[in-house]
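Here is a short briefing to read with the model open beside you. Take a look at the fold, then follow the points below.

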Amino acid sequence: MSVAEHSIAGAQARGHGFLASSVGRKIIMAGTGVILFAFVTVHMIGNTQAYMGAESFNGYAKFLHTMLHGGGIWIFRAVMLVVTLVHVWAALSLTLSNEAARPVGYRLLRPSASTFASRMMRWSGIVVGIFIVYHLMHLTTGAAHPAFDPADPYANFVSGFKVPAVAGFYIFAQFCLGLHMWHGVWSFTQTLGLAHPRYDTLRRAFAAGLTLLVVGVNISYPLAVLAGVIH
Ligand code: HEM
């Protein structure tokens, strides 16, 4: 029996189910992480329409809002909300059970097997969470955008990033997203059982490559507006 099977069997034998085992919650965190990761990648690609001009970008936004007779975006929103909440719940409950298992901290912690990104998971996750709330109020509802026009997402995008403090926060949040995704991809490939010397180089390249791509392109949007490339 593998360590994972042993842990699940142990939790089940104690009268708890899959959710009570730390491996079960890790699998849930990995599964929801993959969905969030796919969304961020598709969203980054969709936003490249901004480089094609106002008509393309607004046409793309209109498509998102009208697909499936306007119901598509609400189905998407409901799925994203549930997936995000489950991801946060799994992360919180795993952190709490880990802390309960070791109430006294290590006297001397030498994080030899951990990286900066792994130690920052909690903080990078919190910044990404704050970013998402701000981002929705900024470019979706307009509550945090002084010149919001619901009929012109392109104008909202350009006037939004013209404010250096806003552009700076977006850039900072993308670095945090990058740290989170980098360790997240590394970790979920491990949860999926791919941690093997034969695959490690590939896992490392996949985690770093996709993270750099998403973060690099996302950061290019505020920078392109500040530089006047998108106007
Ligand atoms: C600089 C990078 C980003 C840009 C330029 C950007 C741009 C936009 C724009 C323009 C919208 C509104 C679309 C519309 O109303 O038609 C939007 C919505 C949204 N964005 Fe982003 N985004 C970025 C990064 C992110 C990231 C990193 C996340 C998640 C971690 C994210 C999550 C969302 C969500 C959940 C929505 C709401 C979709 C909806 O329900 O209407 N965005 N984004």
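This is a predicted model: local features need pLDDT of at least 70, side-chain atom pairs count only at pLDDT 80 or more; totals for chains, interfaces and linings use all residues.

Residues are numbered from 1 along each chain as its sequence is written, and side-chain values use heavy atoms, with hydrogens and water left out.

**Overall fold**
- The protein has nine helices and zero strands; helices (H or I, at least four residues) and strands (E, at least two) are DSSP runs, numbered from the N terminus.
- Along the sequence, the pattern reads α-α-α-α-α-α-α-α-α.
- Of the 231 residues of the protein, 32% count as buried, where buried means under 20% relative accessible area, exposed over 50% and partly exposed in between (1.4 Å probe, protein chains only).

**How the helices pack**
- Axes here are lines fitted to C-alpha atoms, for helices over the stretch in contact, and angles run from 0 to 180 degrees between N-to-C directions.
- H2 and H8 pack at an angle of about 130°, and their axes are 10 Å apart.
- H2 and H8 are therefore oblique to each other.
- The crossing of H2 and H8 is left-handed; a crossing is left-handed if the near helix is turned anticlockwise from the far one by less than a right angle, and right-handed if clockwise.
- H6 packs with H8 at an angle of about 135°, with axes 9 Å apart, and that makes H6 oblique to H8.
- H6 and H8 also cross in a left-handed way.
- Helix H8 (residues 164-191) meets helix H9 (residues 197-226) at an angle of about 165°, with their axes 9 Å apart, so H8 and H9 are roughly antiparallel to each other.
- The contact of H8 with H9 has 18 nonpolar, six polar and three charged residues; Ala, Val, Leu, Ile, Met, Phe, Trp, Tyr, Cys and Pro count as nonpolar, Asp, Glu, Lys and Arg as charged, and the others, Gly among them, as polar.
- H8 passes H9 in a right-handed crossing.

**The iron site**
- His 43 (NE2) and His 135 (NE2) coordinate the iron atom of the ligand at 2.0 Å; donors are N, O and S atoms within 2.8 Å of the metal (3.2 Å for Na, K and Ca), and water is not among the atoms, so sites may look incomplete.
- His 43 lies in helix H2 (residues 22-47) and His 135 in helix H6 (residues 121-140), so the pair ties together parts that are 92 residues apart in sequence.
- The six donor atoms around the iron atom subtend angles of 85 to 179°, which makes the arrangement octahedral.
- Four donors count as tetrahedral if all angles lie between 85 and 135 degrees; four count as square planar and six as octahedral if opposite donors are over 155 degrees apart and all others between 65 and 115; anything else is irregular.
- His 43 counts as partly exposed, at 29% relative accessibility.

**Two loop residues with positive phi**
- Most residues other than glycine have a negative phi.
- Leu 68 has a positive phi, near 50°, and is found in the loop between helix H3 (54-66) and helix H4 (72-101).
- With a relative accessible area of 61%, Leu 68 is exposed.
- His 69 also has a positive phi, near 55°, and its place is in the loop between H3 and H4.
- His 69 counts as exposed too, at 84% relative accessibility.

**Two pairs to find in the model**
- Ala 20 sits in the loop between helix H1 (3-13) and H2 and is partly exposed, with a relative accessible area of 34%.
- Ala 20 and Ser 93 are 73 residues apart along the chain, and their C-alpha atoms are separated by 9.6 Å.
- Thr 211 is in helix H9 and counts as buried at 6% relative accessibility.
- C-alpha to C-alpha, Thr 211 and Gly 184 are 10.0 Å apart in space, and they are 27 residues apart in sequence.

Notes: Angles under 35 degrees count as roughly parallel, over 145 as roughly antiparallel, 65 to 115 as roughly perpendicular and the rest as oblique.
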